[in-house]
Amino acid sequence: NRIVVTTLQGKVIDVIGSGVEGFLDGAYGNAQLASPQGLALVDADTLLVADTGNHAIRKIELIAEVVTTVIGTGEQGYLTPQRVSRGFNALNSPWDLEYLNGQVYIAMAGQHQLWVFDLETGDLSLYAGSGKEELVDGPLLQAGLNQPSGLATDGNRIYFADTEASAIRSVGVTSSRSVTTIVGTGLFEFGDVDGIGKEVRLQHPLGVE
């Protein structure tokens with residue numbers, strides 16, 4: 001329940017969070033997190049955290065050494081586009097974050113979707129995924145995802161580990177805004193097989209870079 005900052009040689013520089021599981025903003029030593037997973041560095045002073053156990057996104061101000069809540073109530077909720085409003089929406093197991101061009105993409109593992117948060121306006125919106133747990137490619141809101149977890153980007157597409165389908169997939173953000181599958185064939189197809197495309201078998205990947 002902490003974020004540990006180290007050098008590349010492993011020397012601890014800082015510890016963020018008291019280590020007590022909870023949902024509390026404040027200075028590094030007092031703040032409380034719950035099973036934090038993904039991180040996104042927005043700029044030299046701002047680190048965002050997918051605080052998965054709290055169903056929230058937290059902001060770490062690296063210069064002031066303070067933790068605050070960006071979105072989340074500490075309780076799990078189920079988001080729909082109709083129910084989203086500005087403020088502290090209850091999220092659904094956010095697992096990873098990716099920052100790109102002022103937008104924070106969220107792997108919302110709990111409801112098999114990708115959401116996006118605009119840092120400037122505070123708007124939260126559904127980006128991709130029908131909400132059905134299935135491996136279906138296609139237009140953003142018709143595609144089926146399977147507990148998306150790790151995120152990465154090349155500036156044009158968001159790549160994600162579609163964990164429950166043992167797949168690696170991508171979605172366009174600047175052009176060709178649809179979901180495609182790189183490797184993986186479905187919920188019950190997994191293993192340890194090298195190859196190309198549909199020959200490949202992975203098992204429950206959680207991260208991608």
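The following legends describe close-up views of a predicted model.

**View 1. An open antiparallel sheet of 5 strands.** The strands run in the order β3-β7-β6-β5-β4, and their pairing is antiparallel. The edges of this sheet are β3 (26-27) and β4 (36-43), each of which pairs on one side only. Strand β5 (residues 46-51) is joined to β4 by 5 bridges in the antiparallel sense. Within this pair, Leu39 has Val49 of β5 as its bridge partner.

**View 2. Strand β10 and its two hairpins.** Strand β10 (residues 113-118) pairs in the antiparallel sense with strand β9 (residues 103-108) over 6 bridges, and with strand β11 (residues 124-128) over 4 bridges. In the hairpin formed by β9 and β10, 4 residues lie between the strands, and His112 in the turn has a positive phi of about 60 degrees. The hairpin formed by β10 and β11 has 5 residues between its strands, and Gly122 in the turn has a positive phi of about 80 degrees. Ile106 has Trp115 of β10 as its bridge partner, and Phe117 stands opposite Leu124 in β11.

View 3. Of the 6 residues of β10, 6 are buried. Gln113, Trp115 and Phe117 are buried on one side, while Leu114, Val116 and Asp118 are buried on the other.

**View 4. The largest nonpolar core.** In soluble globular proteins, nonpolar side chains tend to be buried together. The largest such core in this model has 17 residues, of which Ile57, Leu79, Leu91, Leu97, Ile106, Trp115 and Leu124 touch the most other members. At least two residues of this core come from each of β4, β5, β9, β10 and β11, and β9 gives the most, with 3 residues. Apart from this core lies another, of 16 residues, including Tyr105, Ala143, Leu151 and Phe160. Not counting residues up to four places away in sequence, Leu124 touches Ile71, Leu79, Val84, Asn89, Leu91, Ile106, Trp115, Val116 and Phe117.

**View 5. Arg157, a buried residue with no salt bridge.** Arg157 lies in strand β14 (residues 157-162). The nearest side chain of opposite charge, that of Asp154, is 6.7 Å away; a salt bridge requires a nitrogen to oxygen distance within 4 Å, so Arg157 has none with Asp154. The side chain of Arg157 does make a polar contact with the side chain of Thr180 (3.5 Å). Leaving aside neighbours within four places in sequence, the residues in contact with Arg157 include Ala152, Ser170, Val171, Gly172 and Val173. Ser175, Ser176 and Ser178 are also among its contacts.

**View 6. The salt bridge of Asp25 and Arg58.** The whole structure contains 5 salt bridges. In the one between Asp25 and Arg58, the closest N and O atoms are 2.9 Å apart. Asp25 lies in the loop between β2 (12-16) and β3, and Arg58 in strand β6 (residues 56-61), so the pair ties together parts that are 33 residues apart in sequence. Asp25 counts as partly exposed at 35% relative accessibility, whereas Arg58 counts as buried at 0%.

View 7. Asp137 is partly exposed, with a relative accessible area of 37%, whereas that of Arg169 is 0%.

Notes: Residues are numbered from 1 along each chain as its sequence is written. This is a predicted model: local features need pLDDT of at least 70, side-chain atom pairs count only at pLDDT 80 or more; totals for chains, interfaces and linings use all residues. Side-chain values use heavy atoms; hydrogens and water are left out. Two strands pair if DSSP finds at least two bridges between them. Buried means under 20% relative accessible area, exposed over 50%, partly exposed in between (1.4 Å probe, protein chains only). A nonpolar core is a set of buried Ala, Val, Leu, Ile, Met, Phe, Trp, Tyr and Cys residues joined through side-chain atoms within 4.5 Å. Contact means heavy atoms within 4.5 Å. Lys and Arg count as positive and Asp and Glu as negative; His and the chain ends are not counted. A polar contact is a pair of N or O atoms within 3.5 Å; within protein, one must be able to donate a hydrogen and the other to accept it, and residues adjacent in sequence count only if both atoms are side-chain atoms.
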